[in-house]
Amino acid sequence: MKIHEYQAKELLSRFQIPVPFGRVVFSAEEAGAITYREFVLNGIDTIVLKVQVHAGGRGKGIVVDRETGQPVEYEGKQVRGVMVVSGGNIADKAYRLAKVILGNKLVTVQTGKEGKVIHKLLIEQGVALDREYYLGITLDRKRGQNVMMASSEGGVEIEEVAKEHPEKIFKEAIHPAYGLFPFQARRLGFRLGFSGNLLKQFVKLALNLAKAYEELDCSLLEINPLVTTHDGQLLALDAKMNFDDNALYRHPDYQQLRDIAEEDPLEVEAAKYGLSYIRLDGNVGCMVNGAGLAMATMDLIKLAGGEPANFLDVGGGANVERIANGFRIMMSDPNVKAVLINIFGGIVRCDRVAQGIVQALQQVEVTVPVIVRLEGTNAEEGRRILENSGLQFTVAKTFKEAAEKVTEAIRQAEAVA
C-alpha cells in the first residue's frame, strides 16, 4: 500500500524526524487562502508547490492538459510537478498556479505517457539547502534482512546511482531483533562525510527512521533528498513510504490514508472479490491458480512471444464465482485480446474447475479467444467437459502448447484487424 508524501511526512514527524512546514490543499482557492494565512502572515516569502500523486520523479515531471495532453504553462514557463514560488504576493501566485495544475495530469517516467490526474498539492516552506543525500530502508531478500542505504548522491533516483556509481551507496543490515545499532548509524554518517553536530543529528535521525520502518510495518521508506540547510540542520525534504500489505490487519487506521483514486480501478475491483490481480501492459489475459504458477505462466507467455496483460491468481478454490469475476475484470481491460487459463489441479479438481469455467462463461460475455490448460487431478475429465460444452475453447495439453496457442491467437486477431 502506497501513501502520499504529505502523509508520509506526517508519520515521520511523529518519530522526531524533521520535515519542512507544509499544508495539503485540494483547490486553488484553498491554496491561496492557506498560503496567506499559514505562510505570508508568518513571514515566509518562499514556498514550494508539490504535486501529490503516487509516482516518483515528480520534480522532472510535466503537467499536461487533461483533455489535450499538451504541456501546461504558467507565466510563459512549462509547469512541472514541483514549482517554487517566491517574491511578492505569493498567495496570489499560489492560487493562479494551483488553478492550472489541479485537475490536469502529471506525466513522469513512472506514470508513463497516460499520466496521473492531480487532485491535491502540498505547499511547503522553501528551504535554503546546502547539500542533498539519500537515506532509505527496504528488505534485502537475498540477505533476509532489512537494510538501511545511504548515499551522497541524493535528489536523483537511487536506481540511477546504483547503475552509475554503485560505490557511492553504503549499506547497513538491520538486526531483526535488536534493530539498527548506534555504531552502524555513525558509520553511515562518517561515510557521508558528516562530523560534529551534523553527525549527531544524522545518528538520531537514522535510528528514528529504523524505528519508524519497524513500527509502521513498512516495505519501503525513503528520504530523497535528505538535505543539510545553510543553518546546519538536517531535513527530510521528500519522503516515500509503502506499507507491507500483509501487515495491514494490524493497522486499521491505515485505511484512512488509502487514496483509491491513485490505484488502478481494475485492481480495486478485483480486491472486492478477494482476487490477487495486478494490471500489466500486455494483451494476454492470464487466469491461474497459485502465485508461483501465475509467475511461471507469464514467463512462458513472454518466451512464446506474447505479453501478459495481468497477474491474476484465483486461488486454490477456483469456483464459478471467482472465475466469473476474474473474466469480468479481464474483459474490462480493452488491451486483452486473448485469455489463457492455466490450472493445476492439486487441492482443487480439474473437472470442477472445468464446470466452473463453463458456467462462468454462460454468465459473462467473452469476445476473445480462450485457451485452457488443465493438469493434475481429473485433468482428462476436465478437458472432456470443456470440449463437449459447445463453447469456443481451445484446449491445450501442455504448458508450452498453451502459451504458443494463445500467442498464435493474438497474431491471427492482429492479422484480421
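Mentor: There are 12 helices and 21 strands in the protein, and since the model is a predicted one, everything we read from it here is computed from predicted coordinates. Along its principal axes, the C-alpha trace spans about 80 × 50 × 40 Å.

Trainee: What percentage of the residues is buried, and what percentage of the contacts between residues at least 6 apart in sequence joins residues at least 24 apart?

Mentor: Of the 417 residues in the protein, 48% are buried. Among contacts between residues at least 6 apart in sequence, 68% join residues at least 24 apart.

Trainee: How should I read the packing of two helices, and at what angle do the axes of H2 and H3 cross?

Mentor: Begin with the angle between the N-to-C directions of the two axes, which runs from 0 to 180 degrees. Helix H2, residues 28-39, and helix H3, residues 90-101, have axes that come within 8 Å of each other and cross at roughly 160 degrees. Angles over 145 degrees count as roughly antiparallel, and H2 and H3 are therefore roughly antiparallel to each other. Their crossing is right-handed.

Trainee: Which residues make that contact, and how do they divide by class?

Mentor: H2 contributes Ala28, Glu29, Ala31, Gly32, Thr35 and Tyr36, while H3 contributes Ile90, Ala91, Ala94, Tyr95, Ala98 and Lys99. By class, the contact of H2 with H3 holds 8 nonpolar, 2 polar and 2 charged residues.

Trainee: How does the pair H9 and H10 pack?

Mentor: Helix H9 (residues 320-331) and helix H10 (residues 350-363) pack at an angle of about 50 degrees, their axes being 8 Å apart, and that makes H9 oblique to H10. The crossing of H9 and H10 is right-handed. On the H9 side the contact is made by Val320, Ile323, Ala324, Phe327 and Arg328, and on the H10 side by Val353, Gly356, Ile357, Gln359, Ala360, Leu361 and Gln363. Sorted by class, the contact of H9 with H10 has 8 nonpolar, 3 polar and 1 charged residues.

Trainee: How do I read the buried side of a helix, and which residues of H5 are buried?

Mentor: The general idea is that an α-helix has 3.6 residues a turn, so residues three or four places apart point the same way. In helix H5, residues 182-191, the buried residues are Gln184, Ala185, Leu188 and Gly189. They cover an arc of only 140 degrees around the axis, which puts them on the same side of H5.

Trainee: What do the buried residues of H5 pack against, and what comes just after H5?

Mentor: The buried residues of H5 pack against strand S11 (145-151), strand S12 (169-173) and helix H6 (196-215). Just after H5 comes Gly193, which takes a positive phi of about 95 degrees.

Trainee: Where is Asp217 found, and is Asp217 buried or exposed?

Mentor: Asp217 is found in the loop between H6 and strand S13 (218-229), and at 15% relative accessibility Asp217 counts as buried. Not counting residues up to four places away in sequence, Asp217 touches Phe243, Asp244, Ala247, Arg250 and His251. The C-alpha atoms of Asp217 and Ala185, which are 32 residues apart along the chain, are separated by 20 Å.

How values were computed. Residues numbered from 1 in each chain as written. Predicted model: local features only at pLDDT ≥ 70, side-chain atom pairs only at ≥ 80, totals over all residues. Heavy atoms only, no water. Helix = DSSP H or I, 4+ residues; strand = E, 2+ residues; numbered from the N terminus. Parallel < 35°, antiparallel > 145°, perpendicular 65-115°, else oblique. Left-handed = near helix turned anticlockwise from the far one by under 90°. Contact = heavy atoms within 4.5 Å. Nonpolar A, V, L, I, M, F, W, Y, C, P; charged D, E, K, R; others polar. Buried < 20%, exposed > 50% of the residue type's maximum accessible area, 1.4 Å probe, protein only. Arc of directions from axis to C-beta.
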